[in-house]
Structures are given as C-alpha cells and as structure tokens.
Amino acid sequence: MIALRMNEDHEWIRMESDGSATVGITQYAQEQLGDIVYVELPAVGRKLEKDEDAAVIESVKAAAECKAPVSGTVTEVNTALAGEPAKVNSDPLGAGWFFKLKPDDPKDIDALLDEATYLGKLEK
C-alpha cells in the first residue's frame with residue numbers, strides 16, 4: 001500500500017506507480033461535512049497551484065472546497081461522483097477520490113504530513 005500524505009486542510013494525496021497522484025478528502029473532512037450531495041470536479045488538463053481550490057463539495061451541512069495539495073496538471077477525474085457523490089462518505093480514501101494530477105515536482109508530496117502526524121494534529 002502506498003502511503004498517504006495529508007495537508008492541514010484535510011486533503012489527502014497518494015503517489016501512484018505511473019507517476020500520477022490521486023487526491024481526495026480525509027475521513028475527518030467527510031465526517032465534518034456530513035452527507036455529501038454534490039461534487040464539482042476540475043477539468044482534465046487544468047493547471048492547479050498548491051492550495052488552489054480544485055473541486056467544490058456540497059453537503060447537507062455546508063459547502064467546501066477541495067484544494068490541490070501540490071501544484072500540477074489534472075489528468076483524470078472521478079466521474080462516478082457525479083451520479084454517486086455519497087461515495088465520498090462511504091469510502092473517502094478509496095472509491096471517493098476526486099481527481100488525479102501529474103505533480104510539477106513529486107518531491108513536494110514528501111513535505112506534506114504523514115498519516116501519523118496528521119492524526120496526531122486531529123487529537124489536539
């Protein structure tokens with residue numbers, strides 16, 4: 001299993017063997033949002049800067065943004081979320097992923113929080 005990295009805004013990113021990186025929101029983030037009813041994903045080919053709003057998430061409680069954890073170009077989006085946005089609630093670290101990107105510099109991912117550090121911050 002390839003390790004996840006998280007940022008302070010509760011997004012996760014995972015480098016894949018093909019050089020792309022998959023992005024989504026954490027278990028904590030989806031719990032805070034509640035039942036997700038709509039996700040607007042970025043366009044394939046869109047260039048994202050680190051911390052730029054990449055996707056819009058609407059839930060019964062609130063609207064939020066999924067930010068790009070690193071800079072890169074969107075290579076794929078999870079089209080299944082259009083019909084089933086609740087996948088983000090049921091499997092935020094798996095089937096509920098938002099988009100894949102080609103990082104400008106894959107080493108930027110190493111600067112993000114590892115899972116243990118992220119979970120430790122949540123407990124404070």
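Buried, in this talk, means under 20% relative accessible area. The model I am showing is a predicted one.

Start with Ser59. The residue is found in strand 6, which covers residues 53-59. Is Ser59 buried or exposed? Its relative accessible area is 11%, and because the limit is 20%, Ser59 counts as buried.

What does the side chain of Ser59 reach? On one side there is the backbone oxygen of Leu33, which lies 2.6 Å from a polar atom of that side chain. There is also the backbone nitrogen of Lys61, reached at 3.1 Å. So for anyone checking polar contacts here, the cut-off is 3.5 Å between N or O atoms, and the Leu33 value is 2.6 Å, while the Lys61 value is 3.1 Å. Leaving aside residues up to four places away in sequence, Ser59 touches Leu33, Gly34, Asp35, Ile36 and Val37.

Next, the charged pairs. How many salt bridges does the count come to? The count is 7, and I will show some of them.

Arg14 and Glu16 meet through their side chains, with N to O at 2.9 Å. Arg14 is buried, because its relative accessibility is 13%.

Glu49 and Lys47 form another salt bridge, at 3.6 Å from N to O. Both partners are partly exposed: Glu49 has 42% relative accessibility, and Lys47 has a relative accessible area of 38%.

Then there is Lys50 with Asp51, where the closest N and O atoms are 3.7 Å apart. Lys50 counts as partly exposed at 45%, and Asp51 does too, at 39%.

Ala3 lies in the segment before strand 1, residues 5-6. Ala3 is exposed, because its relative accessible area is 56% and the exposed class begins over 50%. In sequence, Ala3 and Arg14 are 11 residues apart, and their C-alpha atoms are 6.4 Å apart in space. Not counting residues up to four places away in sequence, Ala3 touches Ile13 and Arg14.

Technical notes:
Residues numbered from 1 in each chain as written. Predicted model: local features only at pLDDT ≥ 70, side-chain atom pairs only at ≥ 80, totals over all residues. Heavy atoms only, no water. Helix = DSSP H or I, 4+ residues; strand = E, 2+ residues; numbered from the N terminus. Buried < 20%, exposed > 50% of the residue type's maximum accessible area, 1.4 Å probe, protein only. Polar contact = N/O pair within 3.5 Å; in protein donor to acceptor, adjacent residues only side chain to side chain. Contact = heavy atoms within 4.5 Å. Salt bridge = Lys/Arg side-chain N within 4 Å of Asp/Glu carboxyl O.
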